[in-house]
Amino acid sequence: MAELGEFGLIAALSGWLRYISPADPRTVVGIGDDAAVLAAPDGRVVASTDFLLEGRHFRRDWSGAHDIGRKAAARSLIDVAAMGAVPTGLLVALAAPPDLPVSWARDLAAGLAAECAATGASVVGGDTARASSVLLATTGLGDLAGRAPVLRSGAAPGDLVAVTGPLGRAAAGLALLSAGLTGDRLAAAHQRPAPPYDAGPEEAGLGATAMIDISDGLLADLGHIATASGVLIDLSSARLAPDEDLLAAARTLDVDRTEPGSTPAPSGALAWVLTGGEDHALAATFPRHTALPPRWTVIGEVFAGQDVLVDGREWAGSAGWDHFRG
């Protein structure tokens with residue numbers, strides 16, 4: 001089996017990447033030089049960086065290289081969309097063991113390019129290095145197309161809170177994979193999320209006052225909006241009812257469910273919805289009388305204060321993923 005050896009992923013596959021990442025008129029200079037040059041018609045560039053660390057964010061025995069590439073690209077590109085921008089380009093840095101199969105690297109590159117293509121962006125460059133395990137860093141770039149960026153700090157009392165995209169499925173999938181259960185639709189949601197990229201620019205145009213990508217958990221990420229905006233957000237658990245797939249996974253794993261009318265507890269399918277993360281759905285706040293497209297579901301309201309509540313009460317337990325918690 002051919003190994004990556006001393007050949008850099010970007011250098012070795014530059015021609016192939018150019019083939020699978022169609023030329024974009026916004027890319028003035030692409031892969032092959034010291035840096036890419038992208039046109040910025042708006043005069044502003046939205047940029048976001050993220051990384052996937054083997055053993056922490058993915059396992060090669062659970063996920064194929066193509067899915068890992070798509071997931072890595074998605075993490076940065078949805079952050080760009082959450083600002084109300086259209087993704088335009090992706091920079092990739094890969095650190096990997098020298099015995100990494102070249103076929104794995106090619107599948108990874110194909111996944112990166114495929115996720116970019118889903119947004120209209122393209123892979124425009126990157127770097128490689130040797131490491132004991134795989135580390136994949138991505139930087140997404142985007143264009144606001146004349147719109148103001150949607151920040152976390154714009155929510156105001158009286159706004160409605162809405163979400164689009166799946167919630168809880170990636171967390172349930174991780175739980176199933178951890179239990180040795182593969183091939184489930186929820187496991188696939190963890191391996192390859194499907195963010196609603198076009199919803200970010202769409203809702204910016206409709207007047208969203210604040211917006212965020214749900215990567216660490218709905219409660220945790222709405223907590224960022226609440227803190228930045230100086231507001232209290234109250235969510236309705238009835239509007240966040242887990243779907244049948246989540247309920248079935250909870251039964252399979254013998255996870256206790258929160259009963260209707262009880263004090264929310266950090267267990268069961270509802271906990272996946274509220275605290276799971278990694279689905280990369282979008283949550284946003286809107287003026288009360290905004291006409292929202294059907295794919296957006298109103299899940300709560302914004303009040304004066306400082307907190308995130310569920311049915312008017314504190315959530316008992318962790319609000320989501322904490323990168324530095326023991």
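These are my notebook entries on a predicted protein model.

**Ground rules.** I number residues from 1 along each chain as its sequence is written. Because the model is predicted, I take local features only at pLDDT of at least 70 and side-chain atom pairs only at pLDDT 80 or more, while totals for chains, interfaces and linings use all residues; side-chain values use heavy atoms, with hydrogens and water left out.

**Confidence.** I began with pLDDT, the predictor's confidence in each residue, from 0 to 100. The protein has a mean of 87, and 86% of its residues reach 70 or more. Residues 10-16 stay under 50, and the model gives them 15 contacts (heavy atoms within 4.5 Å) beyond four places in sequence. Residues 261-266 are also below 50, with 15 contacts beyond near neighbours in sequence. A note to myself: where pLDDT is low, the predicted coordinates should not be read in detail.

**Overall make-up.** I looked up 10 helices and 12 strands; these are DSSP runs, helices being H or I of at least four residues and strands E of at least two, numbered from the N terminus. Of the 326 residues, 49% are buried. Here buried means under 20% relative accessible area, exposed means over 50%, and partly exposed is in between, with a 1.4 Å probe and protein chains only. Among contacts between residues at least 6 apart in sequence, 84% join residues at least 24 apart.

**Helix H5.** How is H5 placed in the structure? Seven of its 10 residues (169-178) are buried, so the rest of the structure largely encloses this helix. The buried ones are Arg169, Ala170, Ala171, Ala172, Gly173, Leu176 and Leu177. Their cover includes helices H6 (185-191), H9 (244-252) and H10 (268-275). After H5 comes Gly180, with a positive phi near 85°.

**Cores.** Next I checked the nonpolar cores, which are sets of buried Ala, Val, Leu, Ile, Met, Phe, Trp, Tyr and Cys residues joined through side-chain atoms within 4.5 Å. The largest has 37 residues, and Leu218, Leu222, Ile233, Leu235 and Leu274 touch the most other members. H10 gives the most to this core, with six residues. Leaving aside neighbours within four places in sequence, I find Leu218 in contact with residues including Leu167, Leu240, Val273 and Ile299. Another core of 36 residues lies apart from the largest one, with Leu100, Ala162, Met211 and Trp296 among its residues.

**Salt bridges.** Side chains of opposite charge can pair when their charged atoms come close. My search criterion was a side-chain nitrogen of Lys or Arg within 4 Å of a carboxyl oxygen of Asp or Glu, and the whole structure has 15 such salt bridges.

- Arg169 and Asp243 meet at 2.9 Å, N to O. Arg169 is in H5 and Asp243 is in the loop between strand S9 (231-235) and H9, so the pair ties together parts 74 residues apart in sequence. Arg169 counts as buried at 16% relative accessibility, whereas Asp243 is partly exposed at 33%.
- Asp245 pairs with Arg185, with the closest N and O atoms 2.8 Å apart. Asp245 is in H9 and Arg185 in H6, 60 residues apart. Arg185 is exposed, at 59% relative accessibility.
- Asp50 pairs with Arg75, with 3.3 Å between the closest N and O atoms. Asp50 belongs to strand S3 and Arg75 to helix H3 (residues 65-81), 25 residues apart. Both Asp50 and Arg75 are buried. Shared partners join Asp50, Lys71, Arg75 and Glu278 into one network.
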